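The exercises below concern a predicted model. Please work through each task before reading its solution.

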Amino acid sequence: MSNQSLETIELQLAILIRRLTTATADNRNLDRASYLLLRQLSDSGQVGVKTLARELQLDVSTVSRQAAALDQKKLVEKIKDPTDGRAFFYNITHYGQQELEIYRTARLTSIERLLTDWPDEDAESFGRLLKKFNQALRER
């Protein structure tokens with residue numbers, strides 16, 4: 001890879017992250033971390049903090065703090081593990097699922113609006129390459 005390509009990718013990623021953060025800042029209940037945690041719970045069902053931490057590639061204390069904040073907002077609920085009284089699981093609440101869908105729909109609408117003039121092949125290639133990039137980040 002050329003140095004020019006690397007510099008272009010680095011700069012464009014920084015700009016993308018800033019713009020995405022700004023574009024989604026209008027939802028008062030969810031930030032990026034909350035969205036990803038709720039999305040994981042929605043996809044996985046009830047899971048423990050260690051599993052969430054592993055899936056989100058965060059440490060357990062970070063996930064615990066994030067989940068506790070979502071619990072206070074009634075977006076998730078804590079469920080005691082019936083086999084181990086010290087352990088518990090988190091589950092997305094109905095309200096949490098509603099908020100997740102509102103946030104997700106707003107994100108999808110924004111992205112669709114941005115890509116409206118793109119040929120389908122370009123949008124598919126962008127999605128495929130972005131997924132490949134994210135997988136490489138996960139595996140590093």
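**Exercise 1.** Which residues in α2 meet which residues in α4?

*Solution.* Begin with the side of α2, where A33, S34, L37 and L38 make the contact (heavy atoms within 4.5 Å). On the side of α4, their partners are V63, Q66, A67 and L70. Next, sort the residues of this contact by type: 6 are nonpolar, 2 are polar and none is charged.

**Exercise 2.** At roughly what angle do the axes of α2 and α4 cross?

*Solution.* The axes of α2 (residues 32–44) and α4, which are lines fitted to C-alpha atoms over the stretch in contact, come within 10 Å and cross at roughly 90°. That makes α2 roughly perpendicular to α4, a class that spans 65 to 115 degrees.

**Exercise 3.** Where in the chain is confidence lowest, and where is it highest?

*Solution.* The mean pLDDT (the predictor's confidence in each residue, from 0 to 100) of the chain is 89, and 94% of its residues reach 70 or more. Confidence is lowest in helix α1 (residues 3–23), at a mean of 85, and highest in helix α4 (residues 60–72), at 94.

**Conventions.** Residues are numbered from 1 along each chain as its sequence is written, and side-chain values use heavy atoms, with hydrogens and water left out. In this predicted model, local features need pLDDT of at least 70 and side-chain atom pairs count only at pLDDT 80 or more, whereas totals for chains, interfaces and linings use all residues.

Notes
Helices (H or I, at least four residues) and strands (E, at least two) are DSSP runs, numbered from the N terminus. Axes are lines fitted to C-alpha atoms, for helices over the stretch in contact, and angles run from 0 to 180 degrees between N-to-C directions. Angles under 35 degrees count as roughly parallel, over 145 as roughly antiparallel, 65 to 115 as roughly perpendicular and the rest as oblique. Ala, Val, Leu, Ile, Met, Phe, Trp, Tyr, Cys and Pro count as nonpolar, Asp, Glu, Lys and Arg as charged, and the others, Gly among them, as polar.
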